[in-house]
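User: I would like to learn how to read this model. Please take me through it step by step.

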Amino acid sequence: MSRAPIARGGAAILLAFALAGCGINSIPTAEENVKARWADVQNDYQRRADLIPNLVATVKAAGAQEKDILVQVTQARAAANSVQVSADDLSDPAKMAQYQRVQGAVGVSLQRLQEAYPELKSQGNYTTLMSQLEGTENRITIARRDYNGAVQAYNTKIRTFPDAVGAKIFYGAKPMVPFAATTPGAETAPTVNFGNAS
């Protein structure tokens, strides 16, 4: 039996272990992990960009509708308080009709408010909005942290032995940049505005 085939087999096994030890598979795996974590960051930014303006519009609409009804109730109540009937006016049909009309307007306004809003909705909408804002920002923070962790693992892998050998020879790997909020854009949280300006 010749020693050459055994030596070649042993060399092939040693070469396979050397390549495995040089990051031949771990470098692309780590790189794909970084890319996936970055996609998570972008996904959470897009979620924020889609969700928050719609929630703000919903809260504004509910608040405006309730505001109109509350203004009507307040005006009717003020009008009712402006008409006074004294004991001497009880025999004046015009004065009594005016008094009944303004009191009836208050009753109708209150009834409309009660029928349309047995409980005011805007307070719950504001609570939901605040919860969604907090949750969205937390998602983004976690996604950025996970991305930075993946970048750190990748950068460490391509700079340490033995993976550094395979990273340079086979992939020409370069360090990836961790997230740092230095540029304006999607990284900027939207301004929540309930004023008259859109």
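**Reading the chain**

Analyst: Start with the surface. The accessible surface of the protein chain is about 13,200 Å², and carbon and sulfur atoms hold 58% of that. Keep in mind that this is a predicted model.

User: What share of the residues of the protein chain count as buried?

Analyst: Buried means under 20% relative accessible area. Of the 198 residues in the protein chain, 23% count as buried.

User: How many helices and strands does the secondary structure hold?

Analyst: The protein chain has 5 helices and 0 strands. Read from the N terminus, its elements run α-α-α-α-α.

User: And the contacts: how do I read sequence separation?

Analyst: Take contacts between residues at least 6 apart in sequence. In the protein chain, 81% of these join residues at least 24 apart.

User: Now a local feature. Which residues does the cis peptide bond join?

Analyst: Look at omega. The bond between F161 and P162 is cis, with omega about 5 degrees. P162 sits in the loop between α4 (122–159) and α5 (163–171).

User: Where does D163 lie?

Analyst: D163 belongs to helix α5.

User: Why does D163 count as buried?

Analyst: Compare its value with the cut-off. Buried means under 20% relative accessible area. D163 has a relative accessible area of 13%, so D163 is buried.

User: Which side chain joins that of D163 in a polar contact?

Analyst: The partner is K157. The side chains of D163 and K157 make a polar contact of 3.4 Å. The cut-off for such an N or O pair is within 3.5 Å.

Conventions:
Residues are numbered from 1 along each chain as its sequence is written. This is a predicted model: local features need pLDDT of at least 70, side-chain atom pairs count only at pLDDT 80 or more; totals for chains, interfaces and linings use all residues. Side-chain values use heavy atoms; hydrogens and water are left out. Helices (H or I, at least four residues) and strands (E, at least two) are DSSP runs, numbered from the N terminus. Buried means under 20% relative accessible area, exposed over 50%, partly exposed in between (1.4 Å probe, protein chains only). A polar contact is a pair of N or O atoms within 3.5 Å; within protein, one must be able to donate a hydrogen and the other to accept it, and residues adjacent in sequence count only if both atoms are side-chain atoms. Contact means heavy atoms within 4.5 Å. Accessible areas come from the Shrake-Rupley method with a 1.4 Å probe; for residues, only the protein chains shown count as cover.
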